[in-house]
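This report concerns the symmetry, the aromatic contacts and the pockets of one structure. Please examine the sequence and the coordinates before reading on.

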Number of protein chains: 2
Amino acid sequence: MLQGHQTWVFPTQPVVVAAAAIGGPFEAQGPLADDFDLLHGDLRVGQDTYEKAESKMLEEACEVAIRKAGLQKQDVQFFLSGDLANQITASSFAARTLAVPYFGLYGACSTSMESLALGSLLMDSQSARYVLCGASSHNAATEKQYRYPTEYGAQRPPTAQWTVTGAGVALLAAAGEGPRVTGATIGRVVDMGISDPYNMGSAMAPAAVDTITAHFRDMGLSGGDYDLIATGDLGRVGHGIAADLLDQHGLGIPPEIFTDCGILIYGPDQPRVMAGGSGCACSATVTFGHILNRMKKGELKKVLIVATGALLSPLSYQQKESIPCIAHAVALEYGR
Amino acid sequence: MLQGHQTWVFPTQPVVVAAAAIGGPFEAQGPLADDFDLLHGDLRVGQDTYEKAESKMLEEACEVAIRKAGLQKQDVQFFLSGDLANQITASSFAARTLAVPYFGLYGACSTSMESLALGSLLMDSQSARYVLCGASSHNAATEKQYRYPTEYGAQRPPTAQWTVTGAGVALLAAAGEGPRVTGATIGRVVDMGISDPYNMGSAMAPAAVDTITAHFRDMGLSGGDYDLIATGDLGRVGHGIAADLLDQHGLGIPPEIFTDCGILIYGPDQPRVMAGGSGCACSATVTFGHILNRMKKGELKKVLIVATGALLSPLSYQQKESIPCIAHAVALEYGR
């Protein structure tokens with residue numbers, strides 16, 4: 001149900017009855033390793049290309065979530081997913097294996113919450129009994145497509161971020177045990193003129209702020225109403241900018257509850273990540289793994305995930321366009 | 001509301017209160033020229049790249065539809081759109097100009113109906129007051145990305161199709177005058193092992209048949225219940241295959257009501273099109289222009305549009321993957 005300009009509230013509160021996070025070798029070295037369901041030591045995941053490896057991880061995430069929920073593939077009505085690969089082939093090939101009706105989505109790194117928002121709407125409107133919402137990315141596949149093959153060892157500036165190798169999915173049901181989706185705020189495209197693909201966090205920060213502001217306005221909430229507000233993959237540079245902008249907007253978000261999935265996923269002993277993690281799998285694995293786990297442990301009751309996406313393409317960059325950005329926010333609640 | 005396995009019925013029947021179709025110079029020479037709102041003589045549409053031309057046409061389609069409905073941009077809550085460009089930049093840049101909350105979609109040439117199906121669900125669940133659903137493609141931008149730059153003059157086999165240059169959008173409202181969306185069937189990925197990117201119609205035909213069969217099963221309908229069933233862009237080769245397969249399934253679709261947007265859009269005096277039109281704009285412009293016009297003239301009462309998509313990427317083809325395909329069907333009705 002529409003509330004305000006761009007927010008949905010879900011009266012039935014669809015439940016994340018199961019979720020799964022799959023990661024690669026670099027994620028296995030990070031501080032959230034224990035929150036992954038499966039971690040691969042091999043960046044190729046036993047496949048002959050990085051692209052097939054990404055699709056394989058997304059398939060694994062779907063399988064794990066379906067198994068955790070005690071369901072079969074054919075119980076799931078719809079699969080909503082997207083990724084960074086040209087023509088989102090990682091998702092489409094996983095959808096071929098899954099063989100359930102499929103919505104391909106593209107919101108760059110905001111896809112995880114685009115998927116969860118739409119999936120929750122499907123549930124809330126009784127248009128499905130079970131929905132799988134997912135997203136994936138692969139460091140080597142993404143870097144070679146957007147910038148340089150990682151094998152070149154090209155130098156990266158301090159504002160650069162490290163694309164997460166992994167896949168995250170959430171399985172929604174009308175009832176059951178698990179965090180509930182209470183609402184979602186759909187973002188507008190915001191473009192402040194930044195055109196440096198090594199500085200995505202700065203480009204995306206204003207989009208995150210635009211969506212957070214809209215969410216609080218539409219819902220009549222303020223910063224203290226959540227136990228955690230996590231942006232998708234602004235990294236350290238973008239997170240600082242977003243915090244400053246939110247302060248200027250006077251939203252009163254306490255600094256200790258405001259974090260970013262791109263900061264959480266890698267540790268200070270992983271210097272190659274520069275400003276932090278990024279990629280569709282960043283918010284997908286951190287949310288559907290780490291953050292849902294914290295909710296289930298009772299550490300967090302109300303959470304807002306604000307997944308951010310940079311909607312550029314290598315060609316739009318070459319054609320000297322700036323980077324259009326977007327952020328979608330989903331509110332989750334657990335316990336009474 | 002879910003009916004059967006993969007079909008939604010929309011009790012409120014969202015109304016297409018306005019629609020728009022924009023085309024390029026080649027579409028202007030075709031038999032449906034009169035059904036376009038705007039036809040450009042210049043393939044670049046006054047822009048400096050084909051990619052910007054595509055985005056411009058999508059923006060124009062949105063503007064025309066909003067104007068026809070007597071609305072302002074800010075009346076529209078959500079824009080759902082996708083295209084064939086890597087990272088769907090045509091849609092994302094149009095969304096930047098439109099500045100309304102945006103869902104990026106990717107279903108290759110099935111995007112037009114993916115967008116209309118989801119948009120109708122947003123309306124039916126009272127999650128929006130007005131929604132814009134769109135899709136676009138550009139011949140020169142697409143051919144250079146998937147196959148060869150058109151300027152090379154590479155020889156094309158008779159099974160090849162001609163990517164439509166254009167954009168089509170539909171503006172949905174809860175009430176008003178216009179064709180109503182009564183239901184939608186969401187497709188599964190079907191892959192019969194075809195890997196030739198010059199023979200997409202054959203690859204997509206089984207996906208179209210899978211979705212049509214599911215629609216009839218879920219809705220308890222048969223072929224005679226529609227005045228027109230139009231697939232998205234199977235072209236002459238794929239259309240023949242789909243007709244044969246449907247006959248084998250015994251669905252009883254009379255040949256005179258079964259057609260394809262890719263056959264309709266170009267005439268026999270346009271031999272370069274080979275097997276017919278294709279691209280996201282094929283089903284988008286033919287449906288939101290020609291077919292809606294025929295409905296409004298009273299020539300068609302009940303119509304089923306089955307937009308088909310080939311979910312390959314140039315890279316998946318190079319990596320010797322076959323072509324996963326999908327089709328989404330939307331049912332439209334006008335008059336009593």
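Which residue of chain A comes closest to the rotation axis? By C-alpha position, the residue is A:L105, at 2.2 Å.

The model is predicted, so local features need pLDDT of at least 70 and side-chain atom pairs count only at pLDDT 80 or more, whereas totals for chains, interfaces and linings use all residues. Residues are numbered from 1 along each chain as its sequence is written, chains are lettered from A and ligands numbered from 1 in the order in which they are written, and side-chain values use heavy atoms, with hydrogens and water left out.

**Symmetry.** Chain A is superposed on chain B by a rotation of 180 degrees with 0.0 Å of shift along its axis, at an RMSD of 0.0 Å (least squares on the C-alpha atoms of residues with pLDDT of at least 70 in both copies). This relation is that of a two-fold axis. Since 100% of the interface residues of chain A are also interface residues in chain B, the copies meet through the same surface (contact means heavy atoms within 4.5 Å).

**Aromatic contacts.** Over all chains, 16 aromatic pairs are found (rings of Phe, Tyr and Trp, the last by its six-membered ring, with centres within 6.5 Å; planes under 30 degrees apart count as stacked, over 60 as edge-to-face and the rest as tilted). One aromatic cluster is formed by A:W8, A:F10, B:F78 and B:F103. In chain A, the charged end of A:K302 sits over the ring of A:Y226, 5.6 Å from its centre (NZ of Lys or CZ of Arg within 6 Å of the ring centre and within 35 degrees of the ring normal). In chain B, the charged end of B:K302 sits over the ring of B:Y226, 5.6 Å from its centre.

**Pockets.** A pocket is an open set of points on a 1 Å grid over the protein atoms alone, where a 1.4 Å probe fits, with protein on both sides within 12 Å along at least five of seven lines; lining residues have an atom within 4 Å of a point. A volume is the space filled by probe spheres set on the points, which are joined across faces, edges and corners.

| Pocket | Volume | Lining residues |
|---|---|---|
| Largest pocket | About 690 Å³ | 33 residues |
| Second largest pocket | About 400 Å³ | 18 residues |

Nearest the centre of the largest pocket lie A:S313, A:P314, A:L315, B:N86 and B:Q145. The largest share of its lining, six residues, comes from α2(B) (helices are DSSP runs of H or I, at least four residues, numbered from the N terminus). For the second largest pocket, the residues closest to the centre are B:N139, B:T150, B:R156, B:W162 and B:R272.

Notes: Helices (H or I, at least four residues) and strands (E, at least two) are DSSP runs, numbered from the N terminus.
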